[in-house]
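Please keep the sequence and the structure in view while reading.

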Amino acid sequence: MDGSQRGWLRPRYNSPKVQVGLIGLICFCCPGMFSALSSMGGGGQVDHTVANNANTALYTAFAIFGILGGGIYNILGPHMTLFTGCSTYVLYAASFLYYNHKHNSTFVIIAGALLGVGAGILWAGQGAIMTSYPTEDRKGVYISLFWTVFSFGGVVGGFIPFILNYSSNDASVNDGTYIAFMSFMALGTILTLGLLHPDRVIRDDGSKVTLVKYSDVWIEACEIMKLFKNRNMLLLTPAYWASSFFITYQYNNVNGLIFNVRSRGLNSAFYWVAQILGSIGIGYVLDFSCKSRRKRGFIGVGIVALLGTAIWGGGLANQLKYDSNKSALKDLDFKNSGSAYAGPFVLYFSYGLLDAMFQILCYWTIGALADDSQTLSRYSGFYKGVQSAGAAVAWQIDTQKTSLLAQLLIDWGLTSLSYPLVFLVIILSVTDGTPKQEIKEDGLEQPASINFTIESLENSSATGQ
């Protein structure tokens, strides 16, 4: 039994697996519960306008602090960054509890903006941990490990409103639902204190996950500005933009529009079950489908593209049956609507499958471009920033009562545009070896600017440009 196998059977606390699992558990409690709340449509409220405006504020701030988040994480480290980020999720859930009684949207919108700041720095740190801790041949597995644990938050969070509102005839969820979400989010905030600094994490082969020291404000500002000229980041921008753009339509105009409250909670739970299955499936493909990492990436893009086309085609067939004002599919109930419920339920489940596979493909591609936590925290922050900018636009598109058919076609078009560009990045920049690090005069490691393979490392000591 080799060291890697022993590491999976008897994990050390300072192992990448435990630390990635812990960040997954943190995201189970905070973003996972937030996602369950959002996936019910309108934050569990009958009127989606308040939640749409709050989400616009959230994702606008997220777009800014997602990009800055990698630099903030590199300067402050995991404890302060992630504790601060998680605490804003509790405030956001509390704002909907307040709205249930006061019907004043100001607090909800302010809480949304603050959550955008917190989520931006949380996800930048999460991305650095998830993509830099594993070795290159196990990044898909570790990303899937994280996504599985995180998605269980959505499953549990979906069952919370289902159970607590099972016998309710109200159109909005009750107070107990929001209190339950707040409790999980508070637990996640406390768990951030258990994360280790990256320099204390040791892989099963004995190597450290990173050799870099914490940065300073000037270096981070310069490195973040370089992202806007980075060829790979620019090519991946449509995929980043699309990756949360489509959830507004799915949450509000599929789950939130055509099902009743208790069925929306049940649908939300199974949406996240689909995320777990999708993450495991695509993670296996990206790590084990063949020996060459580049070929695994090509296969992954092809599978997601084919599946995505089929699912959006099914979505189009479903959308042609209703619009926002007149619906043949209204207040569907899992228990009473029979076959009329089954088709939209399977569609919503499939949307969850596609969401996980699409986002993990993005993360895997990011992880294949570098290997140190500082670079990957910036790449992840850029991803979440662009993703959030797209989401902010999508929430306002829905607020403006844009045709549901138009929203679906835009979502389908954006994801379809992304596939050839991700394929191109893999052709140009993903190699079959670990991205090399070169030492700069300031003592910080940076990715080498040339491509190479394992064979070239074994046979040559040249460092390239």
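How many cavities of 30 Å³ or more does the structure hold? The structure holds 2 of them, a cavity being a set of points on a 1 Å grid over the protein atoms alone where a 1.4 Å probe fits but cannot get out, with lining residues having an atom within 4 Å of a point. This is a predicted model, in which local features need pLDDT of at least 70 and side-chain atom pairs count only at pLDDT 80 or more, while totals for chains, interfaces and linings use all residues. Residues are numbered from 1 along each chain as its sequence is written, and side-chain values use heavy atoms, with hydrogens and water left out.

**Largest cavity**

- At least two lining residues come from each of α3 (31-39), α4 (48-76), α6 (105-132), α7 (139-164), α10 (231-258), α13 (339-367) and α14 (373-399); helices here are DSSP runs (H or I, at least four residues), numbered from the N terminus.
- Among these helices, α3 gives the most to the lining of the largest cavity, with 4 residues.
- By class, the lining of the largest cavity has 14 nonpolar, 5 polar and 2 charged residues, with Ala, Val, Leu, Ile, Met, Phe, Trp, Tyr, Cys and Pro counted as nonpolar, Asp, Glu, Lys and Arg as charged, and the others, Gly among them, as polar.

**Second largest cavity**

- The second largest cavity holds about 30 Å³ of space, and its lining is formed by Phe245, Thr248, Tyr249, Ala394, Ile397, Gln407 and Asp411.
- Helices α10, α14 and α15 (404-429) each supply at least two residues of this lining, with α10 giving the most, 3 residues.
- The lining of the second largest cavity divides into 4 nonpolar, 2 polar and 1 charged residues.

**Helix packing**

- Helix α2 (residues 16-29) packs against α6 at an angle of about 150°, with the two axes 9 Å apart; axes are lines fitted to C-alpha atoms, for helices over the stretch in contact, and angles run from 0 to 180 degrees between N-to-C directions.
- Helices α2 and α6 are therefore roughly antiparallel to each other, since angles under 35 degrees count as roughly parallel, over 145 as roughly antiparallel, 65 to 115 as roughly perpendicular and the rest as oblique.
- The crossing of α2 and α6 is left-handed, a crossing being left-handed if the near helix is turned anticlockwise from the far one by less than a right angle, and right-handed if clockwise.
- On the α2 side Gln19, Val20, Ile23 and Cys27 meet Gln126, Ile129 and Met130 of α6, where contact means heavy atoms within 4.5 Å, and the residues of this contact comprise 5 nonpolar, 2 polar and no charged.
- The axes of α7 and helix α8 (residues 175-191) cross at roughly 155° and come within 9 Å, which makes α7 roughly antiparallel to α8, and their crossing is right-handed.
- Val156, Gly157, Ile160, Pro161 and Leu164 of α7 form that contact with Gly176, Thr177, Ala180, Phe181 and Phe184 of α8, and its residues divide into 7 nonpolar, 3 polar and no charged.
- Helices α10 and α11 (residues 261-288) have axes 10 Å apart and pack at an angle of about 140°, which makes α10 oblique to α11.
- The contact of α10 with α11 has 4 nonpolar, 6 polar and 1 charged residues.

- Leu353 has its place in helix α13, and although Leu353 and Gly308 are 45 residues apart in sequence, they are 9.4 Å apart in space, C-alpha to C-alpha.
- Not counting residues up to four places away in sequence, Leu353 touches Ala274, Gln275, Leu277, Gly278 and Leu307.
- Val149 has its place in helix α7, and its C-alpha atom is separated by 9.1 Å from that of Gly32, 117 residues apart along the chain.
- With residues up to four places away in sequence again not counted, Val149 touches Gly21, Gly24, Leu25 and Phe28.

How values were computed: 1 Å grid on protein atoms, 1.4 Å probe; cavity = no way out; pocket = protein on both sides within 12 Å on 5 of 7 lines; lining within 4 Å. Points joined across faces, edges and corners; volume = space filled by probe spheres on them.
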